[in-house]
Every structure is written in C-alpha cells, then in structure tokens.
Amino acid sequence: MALTITCPICGKRNGYEFRFGGEEKGPRPEEKDLTPQAWCDYVHMNKCVAGVQEEWWFHKDGCGSWFKILRDTTTNLEQAAGEAAK
Amino acid sequence: MFFKNKPMWGKKTKLKSSYDVVIIGGGLHSLATAYYLSKEHGITDIAIIEKNYIGFGGAGRNTAIVRANQRTRYNVPLYKEALDLWPVLTKELDYNLMFNNCGNLNLMHSEAAMKAARMTIATAQFHGVESHLIDAKQAKELVPALNISEDITFPIHGAMFHPPGGVVRHDAVVWGLAKGCAKNGVQIHQQTEALDIGTRNGKVTSVTTSRGTINTKQVLISAGGYSAALIYDMLGIKLPISVLTIQAMVTQPLKPVLDHVVSSGAYHCYANQTLKGEIATGAHMDPWPNYTTLNTAHYIKHQAEALSEFLPCLRGVRFMRIWGGLADMTPDMAPIMDGNDQVEGFFMDCGWGYFGFKSCSAVGKYMAQFMAGNECPGMLKPFNLNRYQEHKLMGETAALVNYSPDN
C-alpha cells in the first residue's frame, strides 16, 4: 500500500505525510435553491472508482497546501494528467 | 482455480440464459440470501455470479469475530439474531461452523470510554444481549495475560464484557452455505464476472456477464467491498461509501494463552487465539481509499507495538502470515440495505465496513424476505439509502469518525 504523492510545492513525498481529502466533486453547491438531494450528493456520495480517480489531498505534515491529483485506486500509483486521459 | 472441475458443494452446472434471481458476488451475504430464498421462500431458480471464487473477498479475509454489542436500537437486534443463528445454521446445514462463544472483551482506556461503554451496555441489555461493564481487575481475572499497569500508552480502565460473542470458522460458513444452496437447487457460477445490469422502463431486465447475458427480473448486488464501484458503474447510483483496505495477521502458533476475543479501540487492535494456536489480530484501515488489499510495514509495526503493550507475553512472538481485505465504510458505520427503490427489481446489500461477516446469517434471512415479498421487512427499513438525504444517520459510533483522514 505504499504511496507517494507529488505536492505542488514540496514535490514527491511519502504518502503518510498527507491527509486524504475526498473525491473531486466539483464546486460546493450554491445555498440558493439547494435541495437535500444536491447537498447529500456533495457531502456524502462517492463514486468509489476502482481505477483512476481525481481526488483532493492535504499536505498536513508539510507545507499545508490543498491540491488535486489523479491516482489509480487499484495500484496506489499517481497518474500524470495526460496519462489518465488516454 | 479452486473447485473449477469438481465443486465441493455439489454438481457443476451450466449457466442458463434466464433465472428468477441473479445475485452478484459469491460472498457470505450472497450465499446466505440465496440459501434463505431457496429454503424459506421456495425460490430456487437462482444464479450466484462470482468473478473469482466463493469466499474470495471479505468472507475469507475477516478475523472470524462475531458479536452483538452494537450501539443503536436498529443494529443491536439484527446482530443479536445473527449471533443466535450460528448454532441453528450449524445444525441446519449439517456442517460444523466451529462456533466458539468464548466472549468478547472490549478494553476501555479512559473514563470517557467507560461512559460510552455504559450506554452501549444499557442498549444491549435492553435488547436482551448479555453485556457487562467490568473494571481492570476483573478484566485481568478473565484474561491473566492482560497488562493492567499504569505505565503503558493507554492504561486499561475497564472493559465491556460480552460473553455470547466469540469466533466462527469463516471458511466453514462459506462451504456450509454453498452446500446448503446447491442442495436446494441454487447455482453457483465462479469465474463469471458481472459486467452490466440491463433495465427497461425503470425495471431490471437482464445481467450481462463475461459468459453471456442472463434474463432476470431481480438482481441483488452484495459484493462486499466491490459493491459501491459496481453499483455506480452499472446503474450510476452513487453511495456514501469509502472503500479502504484493512489488514490482518496471525502470529506463530502458541500454547493456549487467550480464551476471549480482546479488542481495544484506542490501540486500534483486536486479537483472539485461533484453534490452531495462532494469535489472529487485526489493524485499523488504511488512511486513504484503495482496492489494493496490500500490506504495509506501517501496520505490522503498529500491531506489534499495540499487542506487546497490552498483552506483553506476546513480545518476541513472530508474525507468520499477513493479508488484507476491503472494508466499505459508510459515514454512520451502519450498512445500506435497499431495494425496488431506484430501479424496480434491483436490490443492494452493502456498506458493511468491517461488520459484514458477523451479520451475514441474519441479513441473508431478511434480504431473502425482502426479495421474495418485494416488501422491506421492518428489521431492514431503517437501513435504506434515503436516510443520508433525510439526515437520519445512525449513531453507531460514540464520536463521529471521518473514515479517511488521520485515524
């Protein structure tokens, strides 16, 4: 389950320095006309992709930045943006 | 692969082009549901579709612990029934499931934890589940190997003692239920991957597999940790689930030293001695979602540290085997059982996290009732998917846990 993550500021580091921040779900829904379904979707629901997914990470034992990466959940390997698009 | 030519549960069958019910996943929840459908509801035209072999997933990877000391009034009766069913199933299936009700000792390491335990015990007792609060001295009397001194990382304040719990031989449950299913005419198809679910006008019509399409009106996905990905992939239904690898390991065999299941939330560690003498112990989940089921030095070290603190006699004992399985965690640590809601004829049984094994017997019974009558039994009603939207999360944890970060 080894994982290295490339922080935009600190570069490639040990995965245990980071905190997983959830799947990328787009922008927070607007408060106006917000339905319980849309809010639940944003807060709780996941796609649980077995493959490459876009996700958030926080460099908690480092620079403190929040950023997105692409990772293959079946191998724990980071993917370059171009590679994932193929 | 195992039993490819001559299955141990019965005759090898040919995949037909239609079934009354198709069940995706060859684990314990699927086998138990098929068993009860065929035994109690006369529905025997069932295909269980399994990509690998039966018991490949959580059914063969859990640490065999069973108990009924959950926290909410919805969960406790379900787990109690599951626990009560082990001796019944052993007789019914005519297969030794090796149920050993040695009792569970859940260690508490602070006054706050003792308070939380008091509430859980009150709930258990209200529902007729035996569970007591004991102090550190009494815990030491039950498990003399326990270290109750003050100079460990998390000194033991007391424990929640749950005598009817224990361990069940998990592989035996797989084999016993498979035999029971086959005897009633259920077909088990290994090495068969489910690829898609066909629907028309909001109703299930077929299941596409790697070995052809099957026409069916009812399909159940109960594929353990793989359920959430399958359900999203096939039907576009998103679930409040995070799938994480959870690791477990056994030590070399020892003479009898531990005759209860001992667990500790603070140490993130639980241990029991198997009938072979090994100390089987489990760790906490990986801190980020993944499907690898790989092991890490990080957790081997963590287990060794935890065990050698509260069971110091294990210092120097070697780990012999280590493995990983998947836990599909929900935000409220309670499962999702639903059906005929999003799509008519589609049922799901998932989100069990690391409670899938201990619940399988009772869940099979109620999911079978659900599918046979097309009406949700009262026992399962609180576990619907809509509860997240209605903000009716179940309080299965004393404090809200966020299942990826930092724990």
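B:Ala47 sits opposite B:Gln187 of strand E8(B). This is a predicted model, so to speak of local features takes pLDDT of at least 70, side-chain atom pairs count only at pLDDT 80 or more, and totals for chains, interfaces and linings use all residues. Residues are numbered from 1 along each chain as its sequence is written, while chains are lettered from A and ligands numbered from 1 in the order in which they are written.

Strand E2 (residues 46-49) of chain B and E8(B) run parallel, joined by 3 bridges. Two strands count as paired if DSSP finds at least two bridges between them; helices (H or I, at least four residues) and strands (E, at least two) are DSSP runs, numbered from the N terminus. The pair belongs to an open sheet of 6 strands in chain B with mixed pairing, ordered E8-E2-E1-E12-E19-E18.

From one strand to the next, the twist averages 15 degrees (axes are lines fitted to C-alpha atoms, for helices over the stretch in contact; angles run from 0 to 180 degrees between N-to-C directions).

Now for the loop. B:Pro155 lies between helix H5 (136-142) and strand E6 (158-162) of chain B. B:Pro155 is partly exposed because 16 other C-beta atoms lie within 10 Å (buried takes 20 or more, exposed 12 or fewer, with C-beta atoms placed from the backbone). C-alpha to C-alpha, B:Pro155 and B:Leu307 are 13 Å apart, though 152 residues apart in sequence.
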